[in-house]
Amino acid sequence: MMAFAGLALLHLMGSVLRAVASRERLSDAVRSPSSALLALGLLAASALGGAGLVLASALLLCARLTPRPPSQSSERLPWLVLGGLVVVVLARPWVPIYWDEFVWLGKARLEALGFGAGVSAALDPAQHLVPPGYPPLWPLAVGWVSLGADDLAVHVAASGLLTALCAAVALEAWWPRLEDAAGGRSRWLTVAVLASAPLVIVHLRSSYVDLPVGLLGAAVFGFLVTERVPLACAAAVVLAGAKDEGLAHVFAATAGAIAVHGLRSRVLQWASPALLGVISVVTWRWLLHSRGVQVHDHALHAPLVEWTGTFVRLLARHAFDVWSWGLSWCVVLAMLTLRPSRVEVRGLRWALGVNLALMAGALVSGPERVRVFAESGTLMNRLLVQVWPLGALLVWFVLSAPRPPGRAGHDVLPADDQAR
C-alpha cells in the first residue's frame, strides 16, 4: 500500500503543478495520468541541485507558454483495462527475479538515505555504481514512489506501478486517435500481436526500464501528433533522464510528428520536447564530467562502419525468433510494406526508422565491449522491446485504415488536419 500511496501523492503533486502552470482545471489534470510525469520531471531537476534549475525552468516555461490545445479530457480512458494491467504487472514475486533487477532496485534503496542520495552516489566515483554515469531517474522514481522506504517488496511494487503509469500515459497520448481508428478487425488483430510477443509480457512484469522507455517514446510522439506539446515535454524530460537511449526516442518522436504535421511555422513547438531532452542529457553529462565520473559503456568513438551489416543480421535474427517474439515483428514488417492511407502510419514509419538508425549509429560508434555484448547477449532484444510500442501502433492504424475515396494510396488526413 505504501507504493500506491506514493504514486497517488506524486500524481496529486503533478496535477496541482499542471493546473497552476498550464491554467487547466484541476479536475482535468487529476484525470490525466501524464500529470505524474510533470512531478517526476521537476523532482528529477531538483535532485540535480543548482544544475537542474535550467531544466526545471524550461519545463515550467514550456507548460506555461505553449498554446493550450483543444480540450481532450482523459475521463473516457478505459480505466478498467488499466486496472487489469496493474493487476498483471503486480502479479509476480515481489523480489528480484532477473539479474538486472538487482541493479535497478539496488540503486532505488539509496533514496532511503535522503532525497537525491542516488544522484550523489552516482556522481561519486568512489561509490563505483554500476554502470558508471548511467542516468539516475528511474531508480530515483522508484525510491520516491516507495516514500523512502528501504523495503524490497515496496520497491518492486513501486517499479511495477511506474511501468503501469508509462502504459497509461502512452494510452492517454494516443487515445483520441485510437478511438477514431477503432474497429473490430484492428482491435482484435492488434491484441493478437500483443499476445504473440512473450518477451513483452516478461518485460511488463519486470523492473527493467526498456518497455517503459518505449512506452514513453510512443507517448511523446502521440502527444505531439495530438498537439499537446506540454505533455510531450514532460514525457521527454522523464524519458531522457531514465535511460541513455531515451534521447534517441525523443528525436524519433519529433521526426514522426514533423512527418505528420509537416514543416509549418509551428515546427519549433514540435522540437521543444527534443530541446528539453537535450538540456537534460547535457546537464547530467556536465555533472559527470565535473565530478570526474568516466562514462565507458555509452561513450562514442570513431564509427566502425563495417559492423553495420552485423547490426542488421543481429536485428533480424532476434526479431524473427518465434520463441521470443512469436509472429509480431513479421506482422509489423508486413504492415511496413503497405502504402499508408492514414497520416499516422507515415509518422510511425519515420519514428521507427529514425529510432533504428540512431540505435545502429550508437552501436557502430560505441565501445567494442558493447558490440560484443550485442553479439552474445540480450541487448538486441531489449532494443526491440523499446521500439515495440511503435510497431503495435503501426499495426493498429494500418489495419483500421479506411478505403480512401478516389485515387488509391491517397493519404487520409484526420478531421482536424483536413479542417486546416
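Author: Helices (H or I, at least four residues) and strands (E, at least two) are DSSP runs, numbered from the N terminus. This is a predicted model, in which local features need pLDDT of at least 70 and side-chain atom pairs count only at pLDDT 80 or more, while totals for chains, interfaces and linings use all residues. Residues are numbered from 1 along each chain as its sequence is written, and side-chain values use heavy atoms, with hydrogens and water left out.

Reader: How many helices and strands make up the secondary structure of the protein chain?

Author: Both kinds of element are read from DSSP runs. For the protein chain, the secondary structure comes to 22 helices and zero strands.

Reader: What percentage of the 420 residues in the protein chain is buried?

Author: Buried means under 20% relative accessible area, exposed means over 50%, and partly exposed is in between (1.4 Å probe, protein chains only). Of the 420 residues in the protein chain, the buried ones make up 56%.

Reader: Among contacts between residues at least 6 apart in sequence, what percentage joins residues at least 24 apart?

Author: A contact means heavy atoms within 4.5 Å. Among the contacts in the protein chain between residues at least 6 apart in sequence, those joining residues at least 24 apart come to 81%.

Reader: How far apart are the end C-alpha atoms of helix H1?

Author: The expected span of a helix is 1.5 Å times one less than its number of residues. Helix H1 covers residues 2–22, and its 21 residues should therefore span 30 Å. The distance between its end C-alpha atoms agrees with this: 30 Å.

Reader: Which residue just after H1 takes a positive phi, and of about what value?

Author: Most residues other than glycine have a negative phi. A positive value occurs just after H1, at Arg23, where phi is about 65°.

Reader: Where is His128, is it buried or exposed, and what is its phi?

Author: His128 lies in the loop between H7 and H8. Its relative accessible area is 63%, so His128 is exposed. His128 is not a glycine, yet its phi is positive, near 55°.

Reader: Which residues does a cis peptide bond join?

Author: Most peptide bonds are trans. The loop between helix H7 (117–122) and H8 contains Pro131. With omega about -15°, a cis peptide bond joins Val130 and Pro131.

Reader: Where is Leu147, and what is its phi?

Author: Leu147 is in the loop between H8 and helix H9 (152–181). Its relative accessible area is 44%, so Leu147 is partly exposed. Although Leu147 is not a glycine, its phi is positive, about 60°.

Reader: About how much space lies in the second largest cavity?

Author: On a 1 Å grid over the protein atoms alone, a cavity is a set of points where a 1.4 Å probe fits but cannot get out; lining residues have an atom within 4 Å of a point. Grid points are joined across faces, edges and corners, and a volume is the space filled by probe spheres set on the points. There are five cavities of 30 Å³ or more. The second largest cavity holds about 170 Å³.

Reader: Which helix supplies the largest share of the lining of the second largest cavity?

Author: The lining has 16 residues, and Pro136, Ala240, Gly241, Ser280 and Trp284 lie nearest the cavity's centre. Helix H3 (35–47), helix H8 (137–145), helix H13 (229–242) and helix H15 (267–291) each supply at least two lining residues. The largest share, four residues, comes from H15.

Reader: With which side chain does the side chain of Ser207 make a polar contact?

Author: Ser207 sits in the loop between helix H11 (198–204) and helix H12 (210–225), and it is buried because its relative accessible area is 1%. A polar contact is a pair of N or O atoms within 3.5 Å; within protein, one must be able to donate a hydrogen and the other to accept it, and residues adjacent in sequence count only if both atoms are side-chain atoms. At 3.4 Å, the partner of the Ser207 side chain is the side chain of Ser159.

Reader: With which side chain does the side chain of Arg371 make a polar contact?

Author: Arg371 is in helix H20. Its relative accessibility is 7%, so Arg371 counts as buried. At 2.9 Å, its side chain makes a polar contact with the side chain of Glu368.

Reader: How far is the C-alpha atom of Leu390 from that of Leu215?

Author: Leu390 is in helix H21 (residues 379–399), and it is buried because its relative accessible area is 5%. Leu390 and Leu215 are 175 residues apart along the chain, and their C-alpha atoms are separated by 8.4 Å.

How values were computed:
On a 1 Å grid over the protein atoms alone, a cavity is a set of points where a 1.4 Å probe fits but cannot get out, and a pocket is an open set with protein on both sides within 12 Å along at least five of seven lines; lining residues have an atom within 4 Å of a point.
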